[in-house]
Amino acid sequence: MGIAWSHTYAAFGGRDLTGRWGVTALSFFAREGKSKIRSRCLRVAQGVTFAAGCSLLFAGAAYAQSPTNMFDPAATPAHSIFDLSMLVLGITLAIFLIVGGMLLYALIRFRQRPEDSSREPAQIYGSTQIELSWTVIPVLIVVMLFLTTTRVIMGTQGISKPDSTMDVTVIGHQFWWEYRYPKLGIVTANELHIPVSNPKSPLPTYLTMSSADVDHSFWVPRLAGKTDLIPNRVNTMWIDPPDAGLYLGQCAQYCGTQHAKMLLRVYAQSPADFAVWVSQQKKPAQTDFSGNPTAAEGQTVFMHNACINCHTISGTISNGRFGPDLTHLASRDTLASGAIPNNVENLRKWINEPDSIKPGSLMPPMHLNDHDLNAVTAYLAQLR
Ligand code: HEC
Ligand SMILES: [Cu+2]
C-alpha cells in the first residue's frame with residue numbers, strides 16, 4: 001500500500017513524472033499553457049455543479065409529487081426499510097464527506113506553487129497504524145450494517161403470522177394480477193382492496209404469492225419492499241397501512257413486452273368501506289337483464305364466444321382462468337392492469353383490439369362485428 005501511495009503521490013504532485021502518463025501530461029502542459037488549463041478546468045467544474053444542481057432540483061420535484069415515493073413510507077415494512085436506508089445513507093454520506101474533504105484539502109493545501117523547488121518530495125512507505133485503521137474501521141461499519149439489515153429482515157420476513165390477518169393469494173400473469181381471498185370467497189384482478197390496519201388492533205394483509213407463467217415482482221414502494229412471484233414457488237409478504245388511500249406500484253421484474261403496463265393498485269379502505277366492497281364482490285354476477293335488451297344480447301354473445309374459455313363470470317358457464325375474472329369488472333377503476341381508465345369507450349376499444357392498448361398482450365382480438373361489440377361492451381359495463 002505504501003508503494004501504491006507513493007506512486008499516486010508522484011503522479012499528482014511529484015516532479016518524477018516517468019512512464020507514458022507522465023510524458024503525455026508533460027507535453028500537454030507544454031502545449032496548452034497553465035492559465036488555459038486552469039480556465040478549462042473551471043468551466044468543467046461549473047458545468048458539473050450546474051448539472052448536479054439541476055438533477056437535485058428535478059429529484060426534489062419528483063420526490064414531492066410521486067405516488068410511488070420510497071421516501072414516504074406508509075406501512076410498517078416500508079418504515080423499517082426506510083429507516084435502514086436512512087442509516088446507510090447517513091453513514092455513507094459521512095464517509096463521502098470525510099474522504100472527499102480530506103482529498104480536497106490535500107489538493108488545495110499541497111498544490112504546486114511557483115516557488116516550490118524541483119526536488120523530489122520525501123517518500124513515505126507504509127504505516128501500520130494507518131493501514132490498521134483503514135482496515136478495522138470499514139470492517140466494523142460493514143458488520144454494523146450487516147446486523148441492522150438482519151434485524152430489518154427478521155422484523156419483516158422473519159416474524160410468524162399473527163392470528164388475525166386478511167389473507168390474499170396473489171398470482172402474477174403476463175401482464176395482470178390475480179387476487180383471491182380464500183376466506184371470503186372473492187376473486188378479482190388488478191385492483192387489490194385491503195382493510196386499513198389500526199395500530200391498536202392490527203389487521204395486516206398477508207399476501208401469498210406465486211406466478212402462472214414467468215417471474216414477476218410485487219412492489220408498492222410506500223407499503224413494502226419487493227417480493228418476487230415465481231412459478232412453482234410460494235413467497236409471502238405483509239402490508240399494514242394505517243391510513244386509507246390508494247397506493248400505487250408496478251411489476252418490478254421484467255416479465256415480457258407489456259411488463260411496463262402491469263401496474264399495481266392497492267386500495268386501503270376503512271373497515272366500513274371494505275365491508276361494503278366485500279359484500280358487493282361476494283355476489284354472483286348479474287345475469288338478469290330484462291330491462292336492458294342490448295346488455296342481454298351482449299351476455300348471449302359473450303357466452304357463445306371464446307371469451308368464456310379465458311374469463312370467469314361467476315354464476316354463468318364462463319369459467320376460464322387464463323384472463324382476469326370479469327364478475328364485477330365494472331366495479332374497477334381501470335382496465336388491463338391499470339393501463340387505461342375503465343369507461344365504456346375504453347372497454348369497447350380493448351375488446352375490439354387489445355393490442356392497440358397493450359401491444360403483445362395475451363388477449364387476442366376477437367373480431368366481433370360492430371353490433372356484437374357494442375352489445376358485449378354494454379353487457380360488461382353492467383357487471384358492477
Ligand atoms: C385467449 C384468451 C382470451 C380470450 C379468448 C379473451 N380474453 Fe379477454 N383477456 C385475456 C387476457 C390474458 C387479459 C389480460 C390482458 C392484460 O391485461 O395484459 C384479458 C383482459 C380482458 C379484459 C380486461 C379485464 C380487466 O380486468 O382489466 C376484458 C374486459 C376482456 N378481456 C374481455 C374479453 C371479451 C369480451 C372476450 C371475448 C370477446 C375476451 N376477453 C376474450 C384473455 C382472453
Ligand atoms: Cu410482471
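Predicted model: local features only at pLDDT ≥ 70, side-chain atom pairs only at ≥ 80, totals over all residues.
Biologist: What makes Asn190 buried?

Modeller: The cut-off is 20 or more other C-beta atoms within 10 Å. Asn190 has 23, so Asn190 is buried. Asn190 lies in the loop between S3 and strand S4 (191-195).

Biologist: Why is Ala336 called buried?

Modeller: Ala336 has 24 C-beta neighbours inside 10 Å. The threshold is 20 or more, so Ala336 counts as buried. Ala336 sits in the loop between strand S11 (334-335) and strand S12 (340-341).

Biologist: What is the phi of Asn190, and what is the phi of Ala336?

Modeller: Asn190 has a positive phi of about 70°. For Ala336, phi is positive too, about 55°. Most residues other than glycine have a negative phi.

Biologist: How do you know that the peptide bond between Gln174 and Phe175 is cis?

Modeller: Its omega is about 0°. Most peptide bonds are trans. Phe175 is in the loop between S1 and S2.

Biologist: How do you know that S1 and S2 pair?

Modeller: Pairing needs at least two bridges. Strand S1 (residues 166-173) and strand S2 (residues 176-181) share five, so they pair. They run antiparallel. Trp177 in S2 is the bridge partner of Gly172.

Biologist: Why is ligand 1 said to lie between domain 1 (166-279) and domain 2 (293-380)?

Modeller: Both domains give residues to the shell around ligand 1, so ligand 1 lies between them. Among the nearest residues are Cys307 and Met363.

Key: Residues numbered from 1 in each chain as written. Chains lettered and ligands numbered in written order. Near = placed C-beta within 6 Å. Domains from an automatic or database assignment. Helix = DSSP H or I, 4+ residues; strand = E, 2+ residues; numbered from the N terminus. Buried ≥ 20, exposed ≤ 12 C-beta atoms within 10 Å, placed from the backbone.
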